[in-house]
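Please look at the sequence and structure first.

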Amino acid sequence: MQPNHYGALMDTFLAYFDQKDLDGQIAALTGCLALKPNNADLFYFRGFAYFKQKKYGQARMDFKGCVRADPQHKVGHYWLGTFDLIAA
């Protein structure tokens, strides 16, 4: 696999997603974000993987990145708001 090939990295993410391998998902999405740093969905998916690992600080940062990249991303706003309510 070419480390700078977005399609290959996304395929890798999907394979890890099917296997429920959170570490693999995060690694593949991190590679994707290096190539497409303004992709809100990549931040969302990685944030959700961090959330499942109970790495809440990293999850919140990614949900923030999600809504920064796309201010209209409804699911990103939902999760960011959820964190804000919990912290309040």
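This is a predicted model: local features need pLDDT of at least 70, side-chain atom pairs count only at pLDDT 80 or more; totals for chains, interfaces and linings use all residues.

Residues are numbered from 1 along each chain as its sequence is written, and side-chain values use heavy atoms, with hydrogens and water left out.

**H3 against H4**

- Helix H3 spans residues 40-52 and helix H4 spans residues 56-69; they pack at about 165 degrees with axes 8 Å apart. (Helices are DSSP runs of H or I with at least four residues, numbered from the N terminus.)
- Axes are lines fitted to C-alpha atoms, for helices over the stretch in contact, and angles run from 0 to 180 degrees between N-to-C directions.
- H3 and H4 are therefore roughly antiparallel, a label for angles over 145 degrees.
- H3 passes H4 in a left-handed crossing, where the near helix is turned anticlockwise from the far one by less than a right angle.
- On the H3 side, the contact (heavy atoms within 4.5 Å) uses Ala40, Phe43, Tyr44, Arg46, Gly47, Phe48, Tyr50 and Phe51. H4 supplies Tyr56, Gln58, Ala59, Asp62, Phe63, Gly65, Cys66 and Ala69.
- By class, the contact of H3 with H4 has 11 nonpolar, three polar and two charged residues. (Nonpolar covers Ala, Val, Leu, Ile, Met, Phe, Trp, Tyr, Cys and Pro; charged covers Asp, Glu, Lys and Arg; the others, Gly among them, are polar.)

**H3 against H5**

- The H3 and H5 axes come within 10 Å and cross at roughly 35 degrees.
- This crossing of H3 past H5 is left-handed.
- Tyr44, Phe48 and Phe51 of H3 meet Val75, Trp79 and Phe83 of H5.
- The contact of H3 with H5 has six nonpolar residues, no polar and no charged.

- H4 has 14 residues and reaches 20 Å from first C-alpha to last, close to the 20 Å expected at 1.5 Å a residue. (The expected span is 1.5 Å times one less than the number of residues.)
- Buried residues of H4 are Ala59, Asp62, Phe63, Gly65, Cys66 and Val67. (Buried means under 20% relative accessible area, with a 1.4 Å probe and protein chains only.)
- Their cover includes H3 and helix H5 (74-87).
- Helix H2 (residues 22-35) also has 14 residues and reaches 20 Å, close to the 20 Å expected.
- Buried residues of H2 include Leu22, Gln25, Ile26, Leu29 and Leu33.
- Helix H1 (6-19) and H3 are among what covers the buried residues of H2.

**Three buried side chains**

- Arg46 sits in H3. Arg46 is buried, with a relative accessible area of 13%.
- Not counting residues up to four places away in sequence, Arg46 touches Ile26, Leu29, Thr30, Leu33 and Asp62.
- Asp62 lies in H4 and counts as buried at 4% relative accessibility.
- Leaving aside neighbours within four places in sequence, Asp62 is in contact with Phe43, Arg46, Gly47 and Tyr50.
- Asp62 and Gly47 are 15 residues apart in sequence, yet 4.8 Å apart in space, C-alpha to C-alpha.
- Gln25 belongs to H2 and is buried at 4% relative accessibility.
- Beyond neighbours within four places in sequence, Gln25 is in contact with Phe13, Tyr16, Phe17, Lys20 and Ala49.
- Gln25 and Tyr78 are 53 residues apart in sequence and 21 Å apart in space, C-alpha to C-alpha.

Note on methods. Helices (H or I, at least four residues) and strands (E, at least two) are DSSP runs, numbered from the N terminus. Angles under 35 degrees count as roughly parallel, over 145 as roughly antiparallel, 65 to 115 as roughly perpendicular and the rest as oblique. Buried means under 20% relative accessible area, exposed over 50%, partly exposed in between (1.4 Å probe, protein chains only).
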